[in-house]
Amino acid sequence: MKKNQEDMNVKLLPFILNQEIRGAQSKAPYGVNMIKAKSLWVEGTQGEGVKIAVIDSGCDINHESLKNNIAGVRNFTDEDGKSSNIVTDRVGHGTHVVGTIAANSDNNTILGVAPRSSIYVLKAIDRTGSGKLSWVVNAIYYAISLNVDIISMSLGMPQSTDKLQKAVKEAVNKGISIVCAAGNEGDGNAEDFEYSYPAAYEEVISVGAVDKKGIPANFSNANLNIDVVAPGVDILSTYPKNQFAILSGTSMATPHVTGSLALLKNWSKEEFKRDLNETELYAQLIKHTKLLQYSRAVQGNGLVYLEQIKIKGKIKY
């Protein structure tokens, strides 16, 4: 029984490839503007110094828009002879996620939410779009050993397992924020609940998807554990072989929140003159949301919205 649980499959959340784009792409991703990420670029340092582990299908680490932000890699799959330092992305998913978080290049063809953050690419999903539970769990423990600030996971399975939940709890107990895609099994009905793990764990930040008009995506899971929503429909980002692509899914919403946490970590350190702990950082994320006119079951606390309210005049004390 233990062996069966150990070898259970964890899958990338289904995503839609709307368009693959060849060549350089200068169009600004709307999601970065929609969540007002740039309003914190003035206050902070665009994620500089923040360590983010992306547990996914690997990444094109030589991509022109990503190579400056890759701080480390580790392969946990059976691919490429199990070589630990080869994280070739044969799906495209991981490269797209990393780009939404941290795309940055000398010619600024495309920018992520936190373009100066440091990315650790932990490959736990192979070319089939799935991976063993043990690969994901091992990647989480490796991220803990790296002392990362944030773990981003756009993957899931239909049921909880003790091994996965234990790893998640240990990471959070170590002060790591974990951001997970809520899942794409939604049917457009906020009263029908759909759960995916690890997103459904209370310890993680579960992210649903909205389109550019702020309308919840029909595919986005509804449940009482959704924390926030972010842009997840028609998202432009990096793709393998130095290309770009437009994808849709809660997988695409998740890195917007991961990047937002990096910006808030920078901002809060300047604002409060100290590093906030995981609980305090989560509180700041929730404060930086905008409630939409939809059920809490699909939006949680609302759309991540980082625009700062400027205080006019000096505060007297």
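The protein chain exposes about 13800 Å², of which carbon and sulfur atoms supply 47% (Shrake-Rupley method, 1.4 Å probe). The model is predicted: local features need pLDDT of at least 70 and side-chain atom pairs count only at pLDDT 80 or more, whereas totals for chains, interfaces and linings use all residues. Residues are numbered from 1 along each chain as its sequence is written, and side-chain values use heavy atoms, with hydrogens and water left out.

Of the 317 residues in the protein chain, 60% are buried (under 20% relative accessible area, 1.4 Å probe, protein chains only). Among contacts (heavy atoms within 4.5 Å) with a separation of 6 or more, 76% involve residues 24 or more positions apart. Nine helices and 15 strands are present in the chain; these are DSSP runs, with helices (H or I) of at least four residues and strands (E) of at least two, numbered from the N terminus.

Helix α4 (residues 93-102) and helix α7 (residues 250-272) have axes that come within 8 Å and cross at roughly 35°, the axes being lines fitted to C-alpha atoms over the stretch in contact and the angles running from 0 to 180 degrees between N-to-C directions. The crossing is right-handed, that is, the near helix is turned clockwise from the far one by less than a right angle. From α4, His93, His96, Val97, Thr100 and Ile101 meet Ser251, Met252, Pro255, His256, Thr258 and Gly259 of α7.

Strand β1 (residues 9-12) runs antiparallel to strand β6 (residues 130-132), joined by three bridges, and Asn9 stands opposite Lys132 in β6. Two bridges also join β1 to strand β8 (residues 155-156), again antiparallel, with Leu12 opposite Leu155. Strands pair if DSSP finds at least two bridges between them.

Key:
Buried means under 20% relative accessible area, exposed over 50%, partly exposed in between (1.4 Å probe, protein chains only).
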